[in-house]
Amino acid sequence: MSTEPGYAAPTVTVATSLPKRAQSSVLIVPVVTGLGGEAGDGSPTVVGGPFLDAEAIGEIGVVLRALGAKGGAEQVTRLHVPSLAVGSVLAVGLGAPRDEWPADVIRRAAGVAARSLSGVDTVITTLTELDLEAAIEGLILGSYRFTEFRSAKEAALSKIIALSTAAGAKKDAARATAIATAVATARDFVNTPPSHLFPGEFAKRAEALGETAGLKVEVLDEKALAKAGYGGIIGVGKGSSRPPRLVRLAYRGAKGKGGKTVALVGKGVTFDTGGISIKPAASMHHMTSDMGGAAAVIATVVLAAKQGLPIDVIATVPMAENMPSSTAQRPGDVLTQYGGVTVEVLNTDAEGRLILADAIVRACEDQPDYLIETSTLTGAQTVALGGRTPGVMGSEDFRDRVARISQAEGENAWPMPLPDELKDDLKSTVADLANVSSQRFAGMLVAGVYLREFVADGVQWAHIDIAGPAYNTSGPWGYTPKGGTGVPTRTMFAVLEDIAANG
Ligand code: BES
Ligand code: MN
Ligand code: ZN
């Protein structure tokens, strides 16, 4: 974030040859599993390209063989190479040799390399020969740290030198840096604890980011929300002493030249206790991530503006804190969503869909061609797909397009259905809808079916459930640290680029 003390992305420069004197830096080179040359012992082969001479490649090979390194995917080996003017070399394995490298193989290898180098100031890499953008994204995302609340700050990676002779390398490096920085912005929001990030503060930070990027920003406070009839946002937010907000960030890149309009909506529950239907204590602290969708949406619209995409992108971000108190909504309360649909709140812990329904109706007033909504919506997403695979629902064609693009980006969203019969489970005895189903099956899809009720006819839409993928509660892997992941920022930006290019 530019306006807050937080993560500062390393600077990236492109060089066409190895720097002559780089004794304080680490050179990251890819290696593949090989036959071991004359030795024939299966030891790894350096992918050296034009930047390393035969002597250096030979030396690295000898040391790796002596150490028993095999070049397996994501294996790292740090070594000293006397003939090179760098402090040390980090060999990172890519597995078996290939002619084409999937971007995420390079991104993950770069991420693992960056994570293994804590305390290093400058890295130089030839991974960029295989995929410049993926290598840079992986290095930035892997070196990400959230140190705002640590007394002793470890030194962060400050400089990346990307070796490449490709035409357009500078432009590609800048684009990759912008994308990775947007992901870091989303991660910073998720990692900022609920003590410090509550709706008012979240809105302020989103507004500052938006204004810096030249967006049109509108913030509705609790009075404006009540007056305009945002019953879902008010209902969820009224148990907290820290009132809700609705933030709108508009980027107008189409400039009347026929570019599409895309609405983005993201769940911004800054903390989800469950409300009166309170959650068990054991993992409640994970609910600091319940604004992960909002974080990704804000980062994405800002990125779209910085990259100057020729489309309109309008983010609608509801923010609330779901707390139990004497002012909280009760199970059995009825509220009126923005637009007039009445809802019986049978479970105050199914709060995401209540604030999202209001936001979706508002977003559709802009008559978008497409609507992408993302949220940490259901524990059922994690049951069905686990911690790394978002579920995507919505209009069939657009759903499949979003899933395909997400897989190409390495965020790996998977298409899921919205069976019509599930709507029967959302019948209420007193209101138009109930906010939960009477049975416990297909919880992710039921939430999607609820949201579908609020999407205007003719809008191509996708709902991405990131309950697990937004927040890594197990160990770090690839370029993903513990805590906020920034998913699905890269998916959404890639979809926006695809819409900009193909309509
Ligand atoms: N924020 C949670 C969903 C969640 C669970 C996110 C685990 C991340 C990790 C959401 O508000 C919620 O509580 N959903 C309920 C819905 C249920 C009451 C129908 C759930 O999944 O249990
Ligand atoms: Mn909840
Ligand atoms: Zn929630």
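Which angles do the six donor atoms around the manganese ion (ligand 2) subtend, and what is the arrangement?

1. The model and its limits. This is a predicted model, where local features need pLDDT of at least 70, side-chain atom pairs count only at pLDDT 80 or more, and totals for chains, interfaces and linings use all residues. Residues are numbered from 1 along each chain as its sequence is written, and side-chain values use heavy atoms, without hydrogens and water.

2. The manganese angles. The six donor atoms around the manganese ion (ligand 2) subtend angles of 71 to 167°, which makes the arrangement irregular. Six donors would count as octahedral if opposite donors were over 155 degrees apart and all others between 65 and 115.

3. The protein donors. D272 (OD), D349 (O), D349 (OD) and E351 (OE) lie 2.0 to 2.2 Å from the manganese ion (ligand 2). Donors are N, O and S atoms within 2.8 Å of the metal (3.2 Å for Na, K and Ca); water is not among the atoms, so sites may look incomplete. Along the chain, the donors of this ion follow the spacing D-x76-D-x1-E.

4. The bridge. D272 bridges the manganese ion (ligand 2) and the zinc ion (ligand 3), which lie 3.2 Å apart. D272 sits in strand 11 (residues 268-272). D349 is in the loop between strand 14 (342-345) and helix 9 (352-364), and the two residues are 77 residues apart. Helices (H or I, at least four residues) and strands (E, at least two) are DSSP runs, numbered from the N terminus.

Conventions: Chains are lettered from A and ligands numbered from 1 in the order in which they are written. Four donors count as tetrahedral if all angles lie between 85 and 135 degrees; four count as square planar and six as octahedral if opposite donors are over 155 degrees apart and all others between 65 and 115; anything else is irregular.
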